[in-house]
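This report covers salt bridges, nonpolar cores, pockets and a cavity. Keep the sequence and the 3D view open while reading.

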Amino acid sequence: MPPVVRSLPSPEAEALLDLARELADGELRPRVDDAEAKAEFPREVFRTLGKAGLLGLPYDETYGGGAQPYEVYLQVLEELSRVWLAVGLGVSVHTLSCFPLSAFGSDEQKTRWLPEMLGGELLGAYCLSESGSGSDAAALSTKAVRSGDDYVVDGAKAWVTHGGQADFYNLMVRTGGTGAKGISCLLAASDTPGLQPHPPERKMGMRSSHTATIQLDDARVPADRLLGEEGQGFRIAMSALDGGRLGISACAVGVAQGALDTAVAYATERRQFGQRIADFQGLSFLLADMATQVEAARALYLSAARLRDAGRPFGPQAAMAKLFCTDTAMRVTTDAVQVLGGYGYVEDFPAERYLREAKVLQIVEGTNQVQRVVIGRSLTRP
Ligand SMILES: Cc1cc2nc3c(=O)[nH]c(=O)nc-3n(C[C@H](O)[C@H](O)[C@H](O)COP(=O)(O)OP(=O)(O)OC[C@H]3O[C@@H](n4cnc5c(N)ncnc54)[C@H](O)[C@@H]3O)c2cc1C
């Protein structure tokens, strides 16, 4: 399989991509099957990525970020997800979790907490969803009431990626009345009294990434951990998701690329009817369509990322990228299983894992129906 041809903006970006590729193939590939089988979260891998400077790539250098354009950061995510989605998505969620503090925190808050977050010493989580409010996130009901120098928080945040593993949680909580304007964002430490993770969900795929409910019973979060103003939480959550959706897009392209590589390698080895199966036109056309879809998906997320890097509005384009890239990943991984025939359906090859991984990307950070809502609104209510 020829390597992916990339156009990167600087020699530094080229070096970063080489590093990400080396880490993916050298450090992640030997571990992925065992960790997925045992549903073990690879905390040490995140330490390695932090030391390599890959956990704060798109953030300011002032607080220890990598000061890289989003288009570079996203291609790093793609390389990691090509081998192990739980790690690529984990880096994406960590990066998303640093956004509220970076974009809305005071200088004092940033000085206190951001360097350890961007340096990867601390791992992050983003808690918007609840059992009763997923797509309708503004209907969330976890309450935070000011009491002296603290907020007292009661409720439960559902589906938290890194739940039980994270060192800090961005909690979207209700401090005011109903709807989006009553929501605030608190940056809670994992050792907050009254904050307790449930056991991880038992998932279809991405099992080494732990997803858990975070229970909050009279949890006392110091009031100086409020990010932005009271009532600004929904805006903070949504602007974090614009960038997050580009992260999911890049993860999806990584998964699709991994499945394509697996399919091409198999098709050039496997022989039936006295020839390589890759030499049947029926199969080589399937591979050609898969490769074309992967390239188109990559081009779409990169074009949205370049808008963001240029300081232009990019929300609808991020939604389009998320929709297209994750649907592409679903199609390409399904076709990869087909290329491997029966061997695609068993765990001896990674094709079935890629298929299970792709599915979740159509759901997280706004389902693909919700992406269509966002895109449709941008067309009819600009
Ligand atoms: C593995 C995993 C990790 C996750 N990680 C996180 C995390 O770290 N933080 C976090 O906050 N959340 C996380 N989530 C939650 C995820 O974002 C939600 O599952 C998602 O937003 C959908 O919400 P829901 O599951 O409640 O589905 P619902 O909102 O109940 O949707 C059910 C169905 O109805 C459709 N639907 C809903 N509204 C509309 C509409 N207006 N128009 C058309 N169709 C609609 C949906 O598309 C879907 O098909 C995670 C979920 C999973 C599975």
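Is Arg 29 buried, partly exposed or exposed? Arg 29 counts as partly exposed, at 39% relative accessibility. Buried means under 20% relative accessible area, exposed means over 50%, and partly exposed lies in between (1.4 Å probe, protein chains only).

The model is predicted: local features need pLDDT of at least 70, side-chain atom pairs count only at pLDDT 80 or more, and totals for chains, interfaces and linings use all residues. Residues are numbered from 1 along each chain as its sequence is written, and side-chain values use heavy atoms, with hydrogens and water left out.

**Salt bridges**

Side chains of opposite charge can pair when their charged atoms come close. A salt bridge here is a side-chain nitrogen of Lys or Arg within 4 Å of a carboxyl oxygen of Asp or Glu. The count comes to 22 salt bridges. Three of them are tabulated below.

| Pair | N to O distance |
|---|---|
| Arg 29 and Asp 25 | 2.8 Å |
| Asp 167 and Arg 43 | 3.2 Å |
| Arg 82 and Glu 79 | 2.8 Å |

Helices (H or I, at least four residues) and strands (E, at least two) are DSSP runs, numbered from the N terminus. Arg 29 and Asp 25 sit 4 residues apart in helix H1 (residues 11-38), so about one helical turn separates them. Asp 25 is partly exposed, with a relative accessible area of 33%.

Asp 167 lies in the loop between strand E3 (150-161) and strand E4 (168-174), while Arg 43 is in helix H2 (residues 43-51), so the pair ties together parts that are 124 residues apart in sequence. Asp 167 is partly exposed at 25%. Arg 43 is buried at 12%.

Arg 82 and Glu 79 are 3 residues apart in helix H3 (residues 70-83), again separated by about one helical turn. Arg 82 counts as buried at 10% relative accessibility. Glu 79 counts as buried at 3%. Shared partners join salt bridges into one network made of Arg 6, Asp 18, Arg 21, Asp 25, Arg 29, Glu 78, Glu 79, Arg 82, Glu 295 and Arg 298.

**Nonpolar cores**

In soluble globular proteins, nonpolar side chains tend to be buried together. A nonpolar core is a set of buried Ala, Val, Leu, Ile, Met, Phe, Trp, Tyr and Cys residues joined through side-chain atoms within 4.5 Å. The largest has 74 residues, and Leu 49, Leu 74, Trp 84 and Leu 246 have the most contacts inside it. Several helices supply at least two residues each, including H1, H2, H3 and H4. Helix H6 gives the most, with 14 residues.

Contact means heavy atoms within 4.5 Å. Leaving out residues up to four places away in sequence, Leu 246 touches several residues, among them Tyr 70, Leu 74, Tyr 301 and Phe 314. Another core lies apart from the largest one and has 27 residues, among them Met 172, Cys 185, Phe 234 and Ile 236.

**Pockets and cavity**

Both terms rest on a 1 Å grid over the protein atoms alone. A cavity is a set of points where a 1.4 Å probe fits but cannot get out; a pocket is an open set with protein on both sides within 12 Å along at least five of seven lines; lining residues have an atom within 4 Å of a point. Grid points are joined across faces, edges and corners, and a volume is the space filled by probe spheres set on the points.

The largest pocket has a volume of about 1,300 Å³. Its lining has 45 residues, and Ile 363, Val 364, Glu 365, Gly 366 and Thr 367 lie nearest its centre. H6 provides the largest share of that lining, 7 residues.

The second largest pocket holds about 250 Å³ of space. Of its 13 lining residues, Asp 33, Glu 36, Glu 347, Glu 352 and Arg 353 are the closest to its centre. H1 gives the most to this lining, with 5 residues.

There is 1 cavity of 30 Å³ or more. The largest cavity has a volume of about 40 Å³. Its lining includes Tyr 59, Tyr 70, Phe 99 and Arg 308.
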